[in-house]
Amino acid sequence: MASKKVIAICQSGGEFVTNKDGSLSYNGGEAYAIDIDEETKLADFKSEVAEMFNCSKNKKNMVIKYFLPSNKKTPITISKDKDLQRMINFVGDSGTVDVYIMSEEAATPRNTPNKPATRSSRTAVPKAVNPVIAPVDVPMANGSDQGDVDLRNETPIICTPINNPDEKQPNAAQQWENSITGVDQRFGSINEFREALHKYSIAHGFAYKFKKNDSRRVTVICKAQGCPWRIYASRLATTQLVSIKKMNSKHTCEGAAAKSGHRATRGWVGSIIKEKLKTTPSYKPKDIAEDIKREYGVQLNYSQARRAKKIAREQLQDSFKEAYALLPFFCEKIKETNPGSIATFSTKEDSSFHRLFVSFHASISGFQEGCRPLLFLDSVPVNSKYQGNLLSATAADAEDGIFPVAFGVVDAEDEDNWHWFLQELKSAVSLSTEITFIADFQHGLKEALTEVFDKSYHSYCLRRLAEKLIRELKGQFSHEARRLLVNDFYSAAHALTLDGFQLATENIKAISSDSYNWVLQSKPEHWANAFFGGRRYNHTTSNFGQSFYSWVSEAGELPITQMIDVLRGKLMESIYKRRIDAGQWTTKLTPSNEEKLQREAAVARSFQVLLTQGNVFEVRGESVDVVDIDHWDCSCKGWQVTGLPCCHAIAVFECIGKSPYDFCSRYLTTESYRLTYAESIYPVPNVDLPDLDESAESVVVVTPPPAKSQQGRAKVKPTETIDMTKLKLQCSKCKGLGHNKRTCKEP
């Protein structure tokens with residue numbers, strides 16, 4: 001079969017321009033056509049491109065990008081042979097694809113994208129390239145029509161510009177070259193003139209200083225000694241308008257003045273990065289400094305970038321109030337763009353925000369069609385101005401990957417909010433089968449689950465239970481004893497048989513009878529495999545969705561609507577990527593489950609199988625186990641717990657000539673995985689407050705909840721289950737923890 005051929009239209013020397021709808025277009029440069037196929041190697045492709053554009057020396061620094069057929073907002077990076085092959089597959093039957101060639105410097109490979117839907121450069125869908133910012137349109141301060149920052153009263157940042165006369169001026173600064181045109185140019189205010197002058201100096205690469213600077217007139221000269229460049233502007237009589245009266249535009253310093261540093265203020269830098277900070281709250285000062293240097297030719301140190309980020313956050317405070325006002329319209333827009341989705345909220349009597357629930361149709365459908373009836377409930381603090389908690393319900397796909405089904409934002413984690421969240425969840429994911437929940441037993445969640453999902457199974461989170469065990473030991477044991485207790489507790493929980501459970505609890509009893517009694521009284525039917533009635537598929541902790549929580553941590557500082565949209569974008573990208581990956585699988589089971597089954601099959605070859613009665617078999621190896629293939633049951637309990645035939649069952653199948661694939665849970669198959677990610681999450685356009693007349697009484701007004709003062713450093717959710725306790729000082733006299741013999745208070 002002939003390999004698929006595509007004509008790659010290679011373009012270089014131009015630049016990306018952002019359109020009004022957020023899409024990107026490529027303007028300028030040269031173009032050549034190259035035919036490629038599925039056997040083309042990236043190195044060969046780069047060599048041919050380098051030869052065409054006469055840039056063979058820069059082949060190692062070459063960056064190649066393209067757009068997906070339905071997405072003109074996110075350029076995709078080709079970094080390896082597999083990426084090149086994927087591009088050919090994505091093109092489909094169109095036969096041609098536009099490819100953009102650039103250097104590493106021009107490609108801006110940052111991890112701080114403008115769009116919430118970022119893409120990883122190490123997968124089929126790489127990171128987005130930032131479109132050029134339009135800082136002229138960004139207001140400089142809150143509450144000002146001109147958007148000015150008064151440069152007179154703010155201490156300048158003395159920063160080093162990029163000063164290479166042979167280098168082209170950074171793209172973002174090029175648009176400022178004509179911000180000052182000459183005599184008779186008018187501005188709305190003195191501050192507007194100062195801002196235009198500041199941009200003009202950056203675009204032309206020189207530094208300046210004020211000779212006179214007040215509310216009515218400004219005189220500025222080039223900072224280089226002896227340079228004749230000079231400008232004078234003043235207010236027009238009886239107006240607020242400012243006009244340039246005199247200007248000598250000639251420089252004799254040839255940019256040398258720039259070596260002494262631009263007059264960049266923290267407010268100016270803050271206004272530039274503000275829009276990025278909305279969608280990327282984890283924007284690091286190091287990245288800020290790199291971006292400002294690359295785009296505007298101004299070099300900041302770390303502390304300057306950090307202070308600028310602080311100012312940008314302060315400028316965004318009004319956005320939080322606006323976001324709550326937009327919440328009703330945002331929820332409607334979610335349901336409009338993603339039919340079948342649920343987006344609902346409630347307020348308190350004073351119209352302040354109370355809680356929000358969101359579940360996208362793609363998540364609901366994916367859970368119902370392809371996921372195991374298993375949900376993990378957990379909460380994570382939202383470290384924004386108004387704080388609160390984000391409640392989540394996540395599922396596990398066939399590869400044990402995280403699949404968020406629903407999430408909500410509440411003012412506090414309590415029984416009332418959990419009850420409301422679970423009621424909304426029940427209406428979203430109605431299943432005929434019983435659902436197993438792995439969740440905490442505190443904050444009213446235990447009671448809420450019993451009331452809302454009365455026929456479900458509630459597995460206590462083993463991590464939280466272990467934490468409670470540690471707290472209630474009351475310090476009478478050594479560190480080593482405490483560690484062994486926790487390890488034995490985990491062994492008891494994971495034991496598949498009653499004998500295994502009893503062996504682990506006897507080990508606990510040998511250390512402490514009080515701990516033994518505590519374990520038996522903690523309702524093992526809710527956490528021990530030997531007694532639990534539901535299907536947990538080897539999962540025991542509720543913090544399964546750690547990567548989802550990391551998304552929340554990154555977006556938690558944003559206004560509520562932006563935070564939800566960032567999470568939507570992350571989900572959208574995850575679904576897309578996994579759908580593409582699953583399309584390449586050829587096995588009946590997903591890759592990890594196929595590997596597990598093959599390991600069990602290797603062990604099964606040494607077993608002896610004896611027929612006892614009907615479809616019940618005795619399997620002899622290191623132990624004697626009984627397999628009932630009609631009920632998919634083995635006395636070792638491995639088949640029931642994992643959903644995959646254990647080694648004993650596989651030995652039986654080999655003996656009677658049946659395929660073990662026919663006895664695997666359907667939830668672990670490639671087909672189920674593809675069903676999980678069959679539906680897509682669609683973008684939600686920007687939402688603005690509509691013009692409302694006085695008769696619009698049906699519109700719900702949402703105001704922010706009372707702000708909570710956050711004391712100390714934000715708490716970070718633990719990422720690992722507890723298998724060991726921290727080493728503490730132990731008293732050799734009373735055996736207590738936290739003090740030594742010298743400070744012991746015992747007589």
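## Glutamate 336

Glutamate 336 has its place in helix H9, which covers residues 317–337, in what is a predicted model. With a relative accessible area of 55%, glutamate 336 is exposed, because the cut-off for that class is over 50%.

Although 348 residues separate glutamate 336 from valine 684 in sequence, the C-alpha atoms of the two residues are 8.8 Å apart in space.

## The chain as a whole

The chain holds 22 helices and 26 strands, and of its 747 residues 51% are buried. Its accessible surface amounts to about 36000 Å², with 47% of that area belonging to carbon and sulfur atoms.

When contacts in the chain between residues at least 6 apart in sequence are considered, 66% of them join residues that are at least 24 apart.

## A five-stranded open sheet

Five strands form an open sheet in the order S9-S13-S12-S11-S10, and their pairing is antiparallel. Strand S9 (186–187) and strand S10 (208–213) stand at the edges, where each has a single partner strand, so one side of each is left without a neighbour in the sheet.

Helix H5, made up of residues 190–204, lies across S9, S10, strand S11 (217–222), strand S12 (230–235) and S13. Relative to S10, helix H5 runs at an angle of about 160°.

Key: Residues are numbered from 1 along each chain as its sequence is written. This is a predicted model: local features need pLDDT of at least 70, side-chain atom pairs count only at pLDDT 80 or more; totals for chains, interfaces and linings use all residues. Side-chain values use heavy atoms; hydrogens and water are left out. Two strands pair if DSSP finds at least two bridges between them. Helices (H or I, at least four residues) and strands (E, at least two) are DSSP runs, numbered from the N terminus. Contact means heavy atoms within 4.5 Å. Axes are lines fitted to C-alpha atoms, for helices over the stretch in contact, and angles run from 0 to 180 degrees between N-to-C directions. Buried means under 20% relative accessible area, exposed over 50%, partly exposed in between (1.4 Å probe, protein chains only). Accessible areas come from the Shrake-Rupley method with a 1.4 Å probe; for residues, only the protein chains shown count as cover.
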